[in-house]
Amino acid sequence: MTTSRPAPGPDAARAFRLGIVAGALVGLAIAGLLYWTGSLTLFAFGYVLALLFPVYLVLVAIALSVWLGYDKDATALRPVYRTER
């Protein structure tokens, strides 16, 4: 039994954009706070920003896409045909 879900609309696109911005600000604030309190050295702070922060943003994007209904599975795929001219 399959359930039909409507396609995400413009409100979902705005919510996704806002969620990414909010997630980025929260991640940067936490990294900055950890550096400011001395929990991270300058090298560790650079490591967090250069390598861990992009992975964190991908995880935020995955969570938002699933929550807002952008996730698709194999049943949503359709064959692509080239028309002959």
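Start by selecting Val 55, Val 58, Leu 59, Ile 62 and Val 66: these residues form a nonpolar patch on the surface, and together they have about 440 Å² of accessible area. A patch is made of residues with over 30% relative accessible area and no salt bridge, where like charges are joined within 9 Å and nonpolar side chains (Val, Leu, Ile, Met, Phe, Trp, Tyr) within 5 Å. Accessible areas come from the Shrake-Rupley method with a 1.4 Å probe, and for residues only the protein chains shown count as cover.

The model is predicted: local features need pLDDT of at least 70 and side-chain atom pairs count only at pLDDT 80 or more, while totals for chains, interfaces and linings use all residues. Residues are numbered from 1 along each chain as its sequence is written, and side-chain values use heavy atoms, with hydrogens and water left out.

Ile 62 counts as partly exposed because its relative accessibility is 45% (buried is under 20% relative accessible area, exposed over 50%, partly exposed in between, with a 1.4 Å probe and protein chains only).

Now select the whole of H2, residues 42-68. The helix has 27 residues and reaches 37 Å from its first C-alpha to its last, close to the 39 Å expected at 1.5 Å a residue (the expected span is 1.5 Å times one less than the number of residues). Stop at Leu 52, where H2 has a kink of about 45°, shortly before the proline Pro 54. The bend at a residue is the angle between axes fitted to the seven residues ending there and the seven starting there. At the end of H2, look at Gly 69, which follows the helix and has a positive phi, near 90°.

Next, show the buried residues of H2, among them Phe 45, Phe 53 and Leu 64. They pack against helix H1 (10-37). Ser 65 is also buried, because its relative accessible area is 18%. Leaving aside neighbours within four places in sequence, Ser 65 is in contact with Phe 16, Tyr 70 and Asp 71 (contact means heavy atoms within 4.5 Å).

Finish in H1 with Asp 11 and Arg 14, which lie three residues apart, about one turn of the helix. Their side chains meet in a salt bridge at 2.4 Å, N to O (a side-chain nitrogen of Lys or Arg within 4 Å of a carboxyl oxygen of Asp or Glu). The structure holds one salt bridge. Asp 11 is exposed, with a relative accessible area of 55%, and Arg 14 is partly exposed at 46%.

Notes. Helices (H or I, at least four residues) and strands (E, at least two) are DSSP runs, numbered from the N terminus.
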